[in-house]
Amino acid sequence: MAAVELTDLRKSFGTLDIIKGVDLAIDPGEFVVFVGPSGCGKSTLLRMIAGLEDITSGELRIGGEVMNGVDPSQRGIAMVFQSYALYPHMTVRENMGFALKFAGIARAEIDRRVDDAAGTLGLGALMDRKPKALSGGQRQRVAIGRAIVRDPKVFLFDEPLSNLDAELRVHMRVEIAKLHKRLQSTIIYVTHDQVEAMTLADKIVVLRSGIVEQVGRPLDLYDDPANMFVAGFIGSPKMNFLPARIEAAEAGRVTVALASQPGVRLDLPAAAGTAKAGDAVSLGIRPEHFVAAGTGDADLAVEVDVAEHLGSTSYVYADVAPGERVIIQQEESRHATARGRLVVGLPAERCFLFDDAGRRIR
């Protein structure tokens, strides 16, 4: 395992800036997930670490050594791609050992490493099969095994589960988590799926347009997002945002009224000087944080559009006003129906406040 340090790392293609100055420290043995929407630069950043993309400026260190310009084969990394990239004419054993054979490793040592990796990944019974005789999940395990046998300092995963169906993705998430626990290796993992990020990561790096928006442990980002982008990206279903206005501001506290239902008012904490009366703001609340009518600090009336009853949980998609929609999660409740009226409670301690630029008002 090895530490990875990125200092003001930048990547440009001509005049187009893709990575715009990333500073990041990854500890040895840490499982770090890069997450963000398509086009945010997460795969480009991973490829810069791997040496598959040149670094325009800044510094990359792996295990304390500067890696700018170092050949990918000399960086002590192994990469698992979205596509399995297995050789179709080779068996599982041959695929897993090919890189070692190419590097001139002795046959006995190749066999030992391949057998150890196969045991770790439960591939022992499949070693003589060719890729066409394997399921998608088995092929991905072979691709991971091919990385393990190289005994790298750092594992890089580029959306490795995207080609799998929903059930296999869940299974492979568990397998990758168990693998990290067993190997205690440094892992950098790229995904657009925030559920993968929340369930796998020791630390999440949220990216948008080549900039790091926030870094932290999964539940820290969920409980304490820095801005509307992170608040809306982390959590499933996403956080609801309601247009509002500051009615009054005192030292350490503000009174907020919803724009579409001015009679709905909440008192929320806010540092002195961060908001003033008349400011347009957004009130954020997660779907699971609504409470029963009369048990919160204010009641919100909505018109139900669609109700999804999933057994123990229901998701209610409702309109607060034309063009203003919320998702409400209800446990053990099946009474909501389309075009029915629903009243829910807003607990002030569960609400977030953001200014008109999307910054968190604390």
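The structure holds 20 salt bridges, a salt bridge being a side-chain nitrogen of Lys or Arg within 4 Å of a carboxyl oxygen of Asp or Glu. The model is predicted, so local features need pLDDT of at least 70 and side-chain atom pairs count only at pLDDT 80 or more, whereas totals for chains, interfaces and linings use all residues. Residues are numbered from 1 along each chain as its sequence is written, and side-chain values use heavy atoms, with hydrogens and water left out.

One of the salt bridges joins the side chains of Arg-93 and Asp-115 (2.9 Å, N to O). Arg-93 belongs to helix α2 and Asp-115 to helix α3 (residues 107-121), so the pair ties together parts that are 22 residues apart in sequence. Helices (H or I, at least four residues) and strands (E, at least two) are DSSP runs, numbered from the N terminus.

The domain assignment gives domain 1 (4-233) and domain 2 (240-361); the bounds come from an automatic or database assignment. Their contact (heavy atoms within 4.5 Å) takes 10 residues from domain 1 and 10 residues from domain 2. The C-alpha centres of the two domains lie 38 Å apart. About 830 Å² is buried between them, with carbon and sulfur atoms giving 54% of this area; buried area is the accessible area (1.4 Å probe) that two parts lose on being put together, summed over both. One salt bridge is found across the interface of domain 1 and domain 2. Arg-360 also forms a salt bridge with Asp-224, with the closest N and O atoms 2.9 Å apart.

The largest pocket has a volume of about 730 Å³. Of its 26 lining residues, Ile-77, Ala-78, Met-79, Ala-99 and Arg-150 are the closest to its centre. On a 1 Å grid over the protein atoms alone, a pocket is an open set of points with protein on both sides within 12 Å along at least five of seven lines, and lining residues have an atom within 4 Å of a point. Grid points are joined across faces, edges and corners, and the volume is the space filled by probe spheres (1.4 Å) set on the points. At least two lining residues each come from β6 (77-80), α2 (92-102) and α4 (136-148), and α2 supplies the largest share, five residues. By class the lining has 18 nonpolar, four polar and four charged residues.

Ser-236 and Pro-237 are joined by a cis peptide bond, with omega about -5 degrees.

Terms used:
Nonpolar A, V, L, I, M, F, W, Y, C, P; charged D, E, K, R; others polar.
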